[in-house]
Amino acid sequence: MSGATDEFEAVIGLEIHVQLSTETKMFCGCRLSFGDEPNVHTCPICLGHPGVLPVPNRRAIEYGLQIAAALECDVAPRSIFHRKNYFYPDNPKAYQISQFDIPLASNGHLGEVRIHRAHLEEDAAKMIHVGTSGRIQGSDTSLVDFNRAGTPLVEIVTEPDLTSGAQVREWGQLLRATVKQLGVSNVNMEEGSLRCDANVSIRPVGSSGLGTKTEMKNMNSFRYLERGVEAEIERQKQLVASGERVVQETLHFDPSSGELHSLRSKEESHDYRYMPEPDLVPLAPDTAMLDAAAASLPELPAARAERYHSELGIQEGAARLLSVETEWAAFFEDVLGSDESIEPRVAANWVTGEFAGELRRQGEQDPADSRVSPKSLGNLVSMVSANRVSHGSAKSVLERMVADGSDPEAIVREQGLEQISDTGELQRIVDAAIEGNAKVAEQVRGGNEKAIGALVGAVMKETRGRADGGEVTRLLRQSLGL
Amino acid sequence: MIERDQVLHVARLSRLKLSEEELASMQKDMSSILDHVDRLAEIDIEGIEPTSHVVPLENVLRDDVPRPSLDREVSLAQAPDAADGAFRVPSPQAEI
Ligand SMILES: [Zn+2]
């Protein structure tokens, strides 16, 4: 990166759409579904027939209030719905019911990122573009599936508080974990139940103004979004460095090529002509609704990470890693609960390190689905802590546990992996090693302490790794008179 | 009088293609509608809360209970064109 481009910093804001996992749509009684035959969940309301009246789904409002509470937002005492007018086949009314100047919630935060607002709206239909080329461009007709039309959404808009692609990914994952923990959405980015757009601009370091921003649409994973945002920051820096200007546009990042493409560049500026929705009365959450939302909050990932760090002494990175996925947090806590002598920090390292790694290697994801129970992993960790098996042996035991669910005690017994804890036996092996490697022993005695490694190796070989390395070194040094 | 370009802009937002005569009469009609609505500006609304709804109701909500949807044949029959169980429309990418 050249010196000139380092003088700029990125300013990033996110817009996240969360599909709520209610039974029915936002304004009608059609079922929500994913992957059903097209247009089997439609009615005159979600098809936008004339003369119909929408009625908001109480549970969607409750879920919205739970999200507002989790993000520590102020809830508007009285918010109203607006019509956002636009003409497109995914929207039969030619307007989307959304919220405009008085959103459900505003002024919140999650971690270090401020939440500008969170409002309720309805999702659009799904377009299936068909044409000779099979691509969007050049197709002459489109098919429309209204199953998704009217699905309740909460749109969460952050302040432009993020500064890098990596931060976007980490924070996005925290938000997803938080909403998932609430149980109000499936938050599946591949299926579109959580969608994230990023607004990216750059400015000279230290300035407080905002540069022209571009919008990156709809990436289906936070990893891709991270890469797309990084690519866009770099592109903007290069533009400015070469004396050009950033143009406001919507971009798509292609993760396979790493390229950014402009979308709808000819599109005129948005002109949604918002107007109050006359078919819906104001929403005025009463104390009972607000209290219920507050009372429903489980321990959220950010609070859990803080507790793991401050109360259990787990290092911050591992604490965040464990907290962000409910399944992992639950597994970790069960490991701890299985044996109170286990050090939380040690258990955390095993769960996030060796165990998570071994699951991945064997193509598994969810610890809850693993053949390894928290109790048996706890058992293994205890054996290592008590020096009954070496770390190296424990890794091969774990591999077996993940593969076939065997009991760690049984594997250790069967394969004779228990460490030699009898000092007398170990001393005999140490003596034999010194005798069998007289030259090396002489070098060590003569002051070349590094050479002791060869003797340690000889002992480990003799014991097939069943000796504790530290103990072996101690005995060797003692025997050599060091 | 509303600008001709503004009429074209609104027509474009609504995907309407207007002939020259339609454009001229639309310009005239829209102007008189706007002038009429502008008369509201003469009313003193100092200290009056904006009204978004004329009926003093709040929180009219329904329970999250599924109700039967339409048979697909019925809903698709309302449309000018359908295919493969879906509504078929001219591609929105095509220029009008
Ligand atoms: Zn419906």
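Biologist: Okay, what makes you call Q66(A) buried?

Modeller: This is a predicted model, so take the values as computed from it. Q66(A) has a relative accessible area of 12%. Buried means under 20%, so Q66(A) is called buried.

Biologist: Where is Q66(A) found, and what is Q66(A) in contact with, leaving aside neighbours within four places in sequence?

Modeller: Q66(A) is in helix α1 of chain A, residues 58-70. With those neighbours set aside, its contacts are L182(A), V184(A), A293(A), S296(A) and L297(A).

Biologist: On to chain B. Why is L61(B) called buried?

Modeller: By the cut-off again: the relative accessible area of L61(B) is 15%, and buried means under 20%, so L61(B) gets that label. L61(B) lies in the loop between α2 (20-38) and α3 (72-77) of chain B.

Biologist: Which residues does L61(B) touch, not counting those up to four places away in sequence?

Modeller: V55(A), P56(A), R58(A), I61(A), L283(A) and M289(A). As for S25(B), L61(B) is 36 residues away from S25(B) in sequence and 43 Å away in space, C-alpha to C-alpha.

Biologist: How many cavities of 30 Å³ or more does the count come to?

Modeller: One. The largest cavity has a volume of about 30 Å³. Its lining includes P56(A), F81(A) and L283(A) from chain A, and N59(B), V60(B) and L61(B) from chain B.

Biologist: What classes of residue does the lining of the largest cavity have?

Modeller: Eight nonpolar, one polar and no charged residues.

Methods. Residues numbered from 1 in each chain as written. Chains lettered and ligands numbered in written order. Predicted model: local features only at pLDDT ≥ 70, side-chain atom pairs only at ≥ 80, totals over all residues. Heavy atoms only, no water. 1 Å grid on protein atoms, 1.4 Å probe; cavity = no way out; pocket = protein on both sides within 12 Å on 5 of 7 lines; lining within 4 Å. Points joined across faces, edges and corners; volume = space filled by probe spheres on them. Nonpolar A, V, L, I, M, F, W, Y, C, P; charged D, E, K, R; others polar. Helix = DSSP H or I, 4+ residues; strand = E, 2+ residues; numbered from the N terminus. Buried < 20%, exposed > 50% of the residue type's maximum accessible area, 1.4 Å probe, protein only. Contact = heavy atoms within 4.5 Å.
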